[in-house]
Amino acid sequence: MTREEFAVELEQAGFRIIEQCPIARIDGIYHELNPFRLVVKFRGWRYYPSRVGRWLNDFLSRKPYFHPHMQAAIVVKDRDAVVVKL
């Protein structure tokens, strides 16, 4: 889910977004696109991307991707918000 798709879902549920940002994109690259652990290494609870890993992280942060990236959002729900069910 892209940042925009996530925002639409929040807004359709009646929330107003105060702040939103994607988190843990590199996790998807580590698990899904990392043959022989050449693109991203993981040691001591920290990711170490190669040059290719950094490029993929930047590129995929702006594109829909088959690994659902975690996102964080600070939202409020107004009292008079209308909830649209899909």
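Is the crossing of α2 and α3 left-handed or right-handed? The crossing is right-handed; a crossing counts as right-handed if the near helix is turned clockwise from the far one by less than a right angle, and as left-handed if anticlockwise.

1. Basis. This is a predicted model, where local features need pLDDT of at least 70, side-chain atom pairs count only at pLDDT 80 or more, and totals for chains, interfaces and linings use all residues. Residues are numbered from 1 along each chain as its sequence is written, and side-chain values use heavy atoms, with hydrogens and water left out. Helices (H or I, at least four residues) and strands (E, at least two) are DSSP runs, numbered from the N terminus.

2. The α2–α3 pair. The two axes come within 9 Å and cross at roughly 120°. Axes here are lines fitted to C-alpha atoms, for helices over the stretch in contact, with angles from 0 to 180 degrees between N-to-C directions. That makes α2 oblique to α3. Oblique is what remains after roughly parallel (under 35 degrees), roughly antiparallel (over 145) and roughly perpendicular (65 to 115).

3. Who meets whom. From α2 come Arg 25, Ile 26 and Ile 29; from α3 come Gly 53, Leu 56, Asn 57 and Leu 60. Contact means heavy atoms within 4.5 Å. By class, this contact has 4 nonpolar, 2 polar and 1 charged residues. Ala, Val, Leu, Ile, Met, Phe, Trp, Tyr, Cys and Pro count as nonpolar, Asp, Glu, Lys and Arg as charged, and the others, Gly among them, as polar.

4. Asn 57. This residue lies in α3, residues 51-60. Its relative accessibility is 19%, so Asn 57 counts as buried (buried is under 20% relative accessible area, exposed over 50%, partly exposed in between; 1.4 Å probe, protein chains only). Leaving aside residues up to four places away in sequence, Asn 57 touches Arg 25, Ile 26 and Ile 29.

5. Helix α1. Its buried residues are Phe 6, Ala 7 and Leu 10. Gly 14 follows α1, with a positive phi near 95°.

6. Positive phi in loops. Most residues other than glycine have a negative phi. Arg 37 has a phi near 60°. Arg 37 sits in the loop between α2 and β2 and is partly exposed, at 41%. Trp 45 also has a positive phi, about 60°. Trp 45 lies between β2 and β3 and is exposed, at 80%.
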